[in-house]
Amino acid sequence: DGRLRRRAGGRRADLMEGRAEDFVNASPLPAVLIRRDERIAALNAEARKLLGEAVQGRHFITALRQPMVLDAVEACLREGASRRTEYLTNDGRQDTTFHVTVRPVGLEGGAGAMLTFEDVTHVEQVGQMRRDFVANVSHELRTPLTALIGFIETLRGPAKDDADARDKFLAIMQEQSERMFRLINDLLSL
């Protein structure tokens, strides 16, 4: 009778593990399912590429290793509330940034946590390109604008009655104004 119960319990555990595999395999994103005992119950092929092949059954700390992610998982398991954080990695060629969503899920033996990893590297790269672009445009516009302001101050002050300086400064101001006009047209065409 005891052997039969153990065998039935083993089949039930196998069935639950199979359901967990089906659950994470349904996600198109890298997905990891963590049991209440803090062991990795299942992960899909995308998560295996990200975290390694031999992480199933191990404690989640040994697989995830980043303090922000560990804190989010622990808080989710403890409080039963969803969390979001970032996971950073490098594949040898480039840095990769993932937004990680940690959500509570009901599992056999208590609540667990489901992690999904969304690759947002391209969003981060576009943001960096935008910041670089704005910095370059600001610099390119600031240069002629600074020259114009300086020449205007000079023409109003020390060179107010100097016809030669006025003609020279007005020619430079014309060039700088045309430069700003070209920059603005280039920006509008982008």
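This is a short tour of the structure, stop by stop.

**Before you start**

The model is predicted, so local features are given only at pLDDT of at least 70 and side-chain atom pairs only at pLDDT 80 or more, while totals for chains, interfaces and linings use all residues. Residues are numbered from 1 along each chain as its sequence is written, and side-chain values use heavy atoms, with hydrogens and water left out.

**Stop 1: the core**

Select Val 32, Ile 34, Leu 64, Val 73 and Leu 115. These have the most contacts inside the largest nonpolar core, which has 23 residues. Such a core is a set of buried Ala, Val, Leu, Ile, Met, Phe, Trp, Tyr and Cys residues joined through side-chain atoms within 4.5 Å. Buried means under 20% relative accessible area, exposed means over 50%, and partly exposed lies in between (1.4 Å probe, protein chains only).

Now colour by element. β1 (31–34), β2 (40–43), α2 (45–51), α3 (60–64), α4 (67–79), β4 (95–107) and β5 (110–119) each supply at least two core residues. α4 gives the most, with six. Helices (H or I, at least four residues) and strands (E, at least two) are DSSP runs, numbered from the N terminus.

**Stop 2**

Centre on Leu 115. Neighbours within four places in sequence aside, its contacts include Pro 30, Ala 31, Val 69 and Val 100. Contact means heavy atoms within 4.5 Å.

Move to Val 102, in strand β4. Val 102 counts as buried because its relative accessibility is 0%. Residues that Val 102 touches include Ala 72, Cys 76, Ala 81, Ala 113 and Leu 115, with residues up to four places away in sequence not counted. Draw a distance to Ala 81: the C-alpha atoms of Val 102 and Ala 81 are 8.4 Å apart, at 21 residues of sequence separation.

**Stop 3**

Select 121–156. This is α5, with 36 residues; it reaches 52 Å from first C-alpha to last, close to the 52 Å expected. The expected span is 1.5 Å times one less than the number of residues. Buried residues here are Thr 121, Gly 127, Pro 144, Leu 148, Phe 151 and Leu 155. Their cover includes β4, β5 and α6 (163–189).

Next, select α6. Its end C-alpha atoms are 39 Å apart, which agrees with the 39 Å that its 27 residues should span. Ala 165, Phe 169, Met 173, Gln 176 and Met 180 are buried in α6, and their cover includes α5.

**Stop 4: salt bridges**

The structure holds five salt bridges. Each is a side-chain nitrogen of Lys or Arg within 4 Å of a carboxyl oxygen of Asp or Glu.

- Arg 179 and Glu 140 meet at 3.1 Å, N to O. The pair links α6 to α5, 39 residues apart. Arg 179 is partly exposed at 25%, as is Glu 140 at 31%.
- Arg 48 and Glu 21 meet at 4.0 Å, N to O. Arg 48 lies in α2 and Glu 21 in α1 (residues 2–25), so the pair ties together parts 27 residues apart in sequence. Both residues are buried.
- Arg 78 and Glu 79 meet at 3.4 Å, N to O. Arg 78 is exposed at 57%, whereas Glu 79 is partly exposed at 45%.
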